[in-house]
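Biologist: Could you take me through this structure, one question at a time?

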Amino acid sequence: MISVEELKRIVQEIPPLPDIALRLIKMCQDASVAPRDIVEVIKHDPSITVKVLRLCNSTFYGLPRRITSLQEAMVYVGTDALVNFVLAGCLSTIYQKENRGYGLEEGQLWRHAVGCAICSQQVALKVDESLAGAAFTAGLLHDIGKIVMSSFVADEFLMLLDLVEREGISFLEGESRLLGYTHAEAGAEIAENWSLPEELVEAIRYHHEPQKAESFKKTVYCAYLGNILCVSLGIGVGHDGLATRFDPAITESLGLDPDNLLEMAVAIHDQFKKAEGLLAIP
Amino acid sequence: MQSILVDIADMKIAVGEDFELTTYALGSCIGVSVYDPVSQVGGMLHYMLPEASINPEKARANPYMFADTGIPLLFREVYKHGAARNRLIIKLAGGANVMDQSNHFNIGKRNYLAARKLFYRNNLLIASELVGGISGKTMRLRLKDGRVEIKLPAGEVRTI
């Protein structure tokens, strides 16, 4: 069986996030940055500009007319959405590969990432609208650790599944017991290596164990509930299925009840239907 | 064999041995398969939520999203295509739940109970089912012989 040290070494080999994505994520956290500064960064990357315009014109936003410039896009969809489009453009290729260990065919992990981004955003919109952008980004990134763990989980898969079923534990707890390392830990380390903001690192690290979060709790909780909703709705679900724990204390602390989550499911379904543009990013 | 896809919050009907109906990604949602072996009429519904009261406006726009609006429509449609009530074979799959000891967010269970309640009230029997657990499922109904297969993770296929 592979050692934790070996897994951590592989994490270090994940290629860096493109500079443009990182710069934009950081700019979004700085209140003094003007929307035109963001347009300035994006417009120097023609391939990203094309992707952003294509996404703006997709059914996701249902805009009344065709958007032809980044300035217009900024006006219609806003800063958060623009930055998320850029991030989605950078992440989609990383996520697109087959994810053998988690039983996800090519494209399914990306489908789950987009689904969870939409779910997390819907939770944020109900709880605290100012978190909607961060929650979307956290949802996109939450399972990034699976790209590292996939082949090793595949090798140990039958043992892992047996352990989860026999002991009634979550898939994450199974990873921890069998491999000594989880996809959430791997994801948080990748995010740290990419120098992503602490808010996103926390959300990735604790998206299955929100009780352990010590900072940016609301964003972590949005990503956690977003993932619960996403797997419940069957969006990009792999071998790990619904083997994740629901903690009612988290919904309560956000002032939500289970019926609120059912109401959100309706909005999520509509949003996801419109998300083909995000799903089809080459 | 022509395969017809039943999307999430969707319902499809087919007639004749050349068809099969398939729905993917059943997490806590429920797939309802109905089949009349004589007329070879088959129908499948993939609903997401138990009651239309969660969002009545949405239920009017898409009744297939909810058990209490989708199931009656499924039956009405198969009858329209020539199925007979006394011959209908009803099978269910899905209704998985995340691990929740508090039983607070039991959407899969609520979805399942909504179907059970409707069938009980209408004196209809469920022939077989594969419901609950923590696995996502794919459901397929073959109209040639009414065989219903459920695909589980790791490629396991069960006939119900």
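Biologist: In β5(B), which residue is the bridge partner of B:A14?

Modeller: This is a predicted model, in which local features need pLDDT of at least 70, side-chain atom pairs count only at pLDDT 80 or more, and totals for chains, interfaces and linings use all residues. Residues are numbered from 1 along each chain as its sequence is written, chains are lettered from A and ligands numbered from 1 in the order in which they are written, and side-chain values use heavy atoms, leaving out hydrogens and water. Strands (E, at least two residues) and helices (H or I, at least four) are DSSP runs numbered from the N terminus, and β2(B) is joined to the antiparallel strand β5 (residues 41-47) of chain B by 6 bridges. The partner of B:A14 in β5(B) is B:G42.

Biologist: What is the order of the strands in the open sheet of chain B?

Modeller: Strands pair if DSSP finds at least two bridges between them, and the edge strands, each pairing on one side only, are β2 (10-15) and β7 (126-131) of chain B. The pairing is mixed, and the 5 strands of chain B have the order β2-β5-β4-β6-β7.

Biologist: Is α9(A) oblique or roughly parallel to α10(A)?

Modeller: Helix α9 (residues 157-167) and helix α10 (residues 171-179), both of chain A, pack with axes 9 Å apart at an angle of about 120 degrees; axes are lines fitted to C-alpha atoms, for helices over the stretch in contact (heavy atoms within 4.5 Å), and angles run from 0 to 180 degrees between N-to-C directions. Angles under 35 degrees count as roughly parallel, over 145 as roughly antiparallel, 65 to 115 as roughly perpendicular and the rest as oblique. Therefore α9(A) is, relative to α10(A), oblique.
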